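Reader: Could you take me through the helix packing and the charged side-chain pairs in this entry? I would like the criteria stated along the way.

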Amino acid sequence: MTYRQRLSLFIFLDSCIVLSVIFFSRFLTYGTLKVITLPMVLSAIAILVSHHLFSFQLHLYKKAWEYASVGELVSILKVVTISVFFAAVIQLFVVREIPVRLLLVTWFLNMSFIGGSRFLWRMYRDSYLNKVGNKKRTLIIGAGSAGMMVARQLKKENENNLIPVAFIDDDSKKHQLEILGLPVVGGTQTIKATVNSLKIDHIVIAIPSLSKRELSNIYKQCAETSAKTQSLPMIEDLITGKVSVQQIRDVQVEDLLGREPIELDIESITENITGKVVLVTGAGGSIGSEICRQISKFQPRQLVLLGHGENSIYSIEMELKEKFRDTETEFFPIIADLQDEKKMMDVMSNYHPSIVYHAAAHKHVPLMEANPEEAVKNNLIGTMNAAKAASWNGVNTFVMVSTDKAVNPTSVMGATKRLAEMVIQSFDRISNTKFVAVRFGNVLGSRGSVIPLFKRQIEKGGPVTVTHPDMVRYFMTIPEASRLVLQAGALAKGGEIFVLDMGEPVKIVDLARNLIKLSGNSIEEIGIDFTGIRPGEKLFEELLKEDEVHDMQIYPKIYIGKTSEVYLQEIEELISSFSHLEKEEIREKLLDLANNRVTKRQGVEQKQALSITV
C-alpha cells in the first residue's frame, strides 16, 4: 500500500470513528436518541477538524503501526486530548456551556476506538501472520536492548522463518519476567536444558558487547545442543542503527577461540609507515592483502603491491583505491616473480621502499611435498632475491612472514621457511637493513585453511574429513596475523624472530565438531572421517624451539626468540645444486639443514655455523 493510499484510509477511518463516537457519547450520557443538535454538530466539527489537524502536526499518520508501542500510544493520547479540549473551547464560546460528562465519554471512546484500530493490526500480525508456516523456534541469548531489537524484528518480519519463544540472560533480576511477551527462562548455564525443554531449533546470541572469551564460553555451550547458532554483528552496528534480522550472522570458528585480539602500538606504527614508501610481496594473497589493508589505514605515501597473480593484484588494487580514495596514498601494482633477481632489483631501485613486508610464499604442505623444487625456488631463492634487493637499495626494515611449521620442521614447506629465516638473519648480520621474521600458526580463512574446507563439506552434507583425531594446531585470524606483522616492523631492531602468544592449541577434530553443531546439524548426520596424516604433517606444531624461548614478552602477546644457527654456506650449496637432485634428495637435504642435522647425515666435519643472537 502506498503512502497516499494509506493516508486516505486512515483519514476515512478516523473520520468515521470521530463522528460516530461524538453522537454515540450523547446517547450514552443522556439516554436519548435525539443526538443531532446544534451543539453536537459544532462539537463534532470541532473534534473532527482538530483531530486531523493535530494528527498531521504530530505525524500520527506516518506511524508504522505494525511496530506500534508506548510512543505511538502517547501520540494518540495527545491528538485525542487536544481535539476534545478544542471542542470544549468551541462549546464555551458558542453555547456558553461545557458538557463535561459528554466530552469525557467522547475522549474515552476516541482513545479506545482510534487506539484500538491501530493496535488491532499489530495484534493480528503478532498472533496470526507470524505464526503461520513452519517457523523455527528461536531462543534469544541476551535480554538487553540488542536482544529486544532482535525479538521485535523476528516477531514483525513475516518473511523470516524464525519465531522467538524465550530469552536467556545472566541478570537474575530479569528471571521469571516477561519481555515483549517472551519469558526470561534463566542464565547462560541453562542453555542446553532450555533448548531441550522448549524444543528450540535456532539460537541467536544478542550480546555484542561481551568480550571474546565470554562469548566463546557461550558459543561452546550452544555447540553442545542441536540448535543452529547465529549472532549479532559488532556493537558499533547496533549504535548506528544497522542491526536487522538479515544481519544476524553465522557463528564463525574464530568466535570459538576466545582470545582477545592483539592491540597495536599505534604511535610506533604510525611513525614507521605514515608518509613512507611501503612494499608488500604476495600482496594478492590472503595474508598479504590484509597487510595492505592494515597498512593503508596509516596512510603511507606510496604502497607497492607486488605479486605473481595478475587477478589477485588487480582485485586488491581496486579495493584499496576505492576504500582509501580520500587519502593521499598512491597504489602501484607490480606483477613480478620473486625468482627474477633482476626484476626485484629494478622494483626496489625504482620505488626505494622504506619498509618491505615479505608475505609471498608457497604454503600448502602436501603440495610442497610433491614439488620440493618449487618450494626451494619460491620460499628460499625468492626470499634471498627479495632480501638482497632490499639490502642493496637501502631499505630500512625487511619483515618476513614465517610459520610455526619452521620449528623442528618435518615438511618441505616448513624446512624452506626455516632456511629462509636463516637467510634473512645472515643478511641482518652484514647489512644496514634491519631483517626480522614473524612466526604464527594457522590462519583462519586463508587460502588452503582447513576451515573453509570444513564449511564446504558441511554444506554438501558431509562427511567432514580430519587427518587424525589427536592433531592440534594454533589458530589466529587474518587481521591478527597482519597486525602482528605491522607491529613487528615497528619493534624491529634486527635479527629477531617475533612470535604471537596464540593461547592454547586447538584440536582439529573439536573444531570440526563445533562447526557441525553450530551449523544446526548433528555429528551423526554429517559424520567425521579420519583420513590419516598427510606427507610432511605433524600431530602438533610449535612456535619456538626450547632453546629459542624468551620467557619475557617484549610487547603484550609478542615474544622473540633467543638464538639461532645459520648454515648459509650449506644453503648456498643447496641452491646451486638442487636442480640436479631428485625430489627425495631435495627433501632430505632441506630437512637436514633446517633441523641442524648437517654433520650427522653427511658424515663430515662440522662446518662453522654463524651464531646470531636474536
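Reader: What sort of model is it, and which atoms count?

Author: This is a predicted model, in which local features need pLDDT of at least 70 and side-chain atom pairs count only at pLDDT 80 or more, while totals for chains, interfaces and linings use all residues. Residues are numbered from 1 along each chain as its sequence is written, and side-chain values use heavy atoms, with hydrogens and water left out.

Reader: What span should helix H15 have, and what do its ends give?

Author: H15 covers residues 412–430; helices are DSSP runs of H or I with at least four residues, strands are E runs of at least two, and both are numbered from the N terminus. The expected span is 1.5 Å times one less than the number of residues. For the 19 residues of H15 that gives 27 Å, and the end C-alpha atoms are 27 Å apart, which agrees.

Reader: Is H15 largely enclosed or open?

Author: H15 is largely enclosed by the rest of the structure, because 17 of its 19 residues are buried. Buried means under 20% relative accessible area, exposed over 50%, and partly exposed in between (1.4 Å probe, protein chains only).

Reader: Which residues of H15 and H20 meet?

Author: Leu-419, Met-422, Val-423 and Ser-426 of H15 meet Leu-568, Ile-571 and Leu-574 of H20, where contact means heavy atoms within 4.5 Å.

Reader: Now the charges: how many salt bridges are there?

Author: The count comes to 13, a salt bridge being a side-chain nitrogen of Lys or Arg within 4 Å of a carboxyl oxygen of Asp or Glu. One of them joins Arg-325 to Glu-322, with the closest N and O atoms 2.6 Å apart. Arg-325 counts as exposed at 54% relative accessibility, whereas Glu-322 is partly exposed at 48%.

Reader: What about Asp-470 and Lys-507?

Author: Their side chains form a salt bridge at 3.8 Å, N to O. Asp-470 lies in the loop between strands E15 (464–466) and E16 (472–473) and Lys-507 in strand E19 (residues 506–507), so the pair ties together parts 37 residues apart in sequence. Asp-470 is partly exposed at 42%, and Lys-507 is partly exposed at 33%.

Reader: And where do Asp-510 and Arg-513 lie?

Author: Both are in helix H18 (residues 508–518), three residues apart, about one turn of the helix.

Reader: Which residues form a network?

Author: Salt bridges link Glu-290, Arg-293 and Glu-319 in a network.
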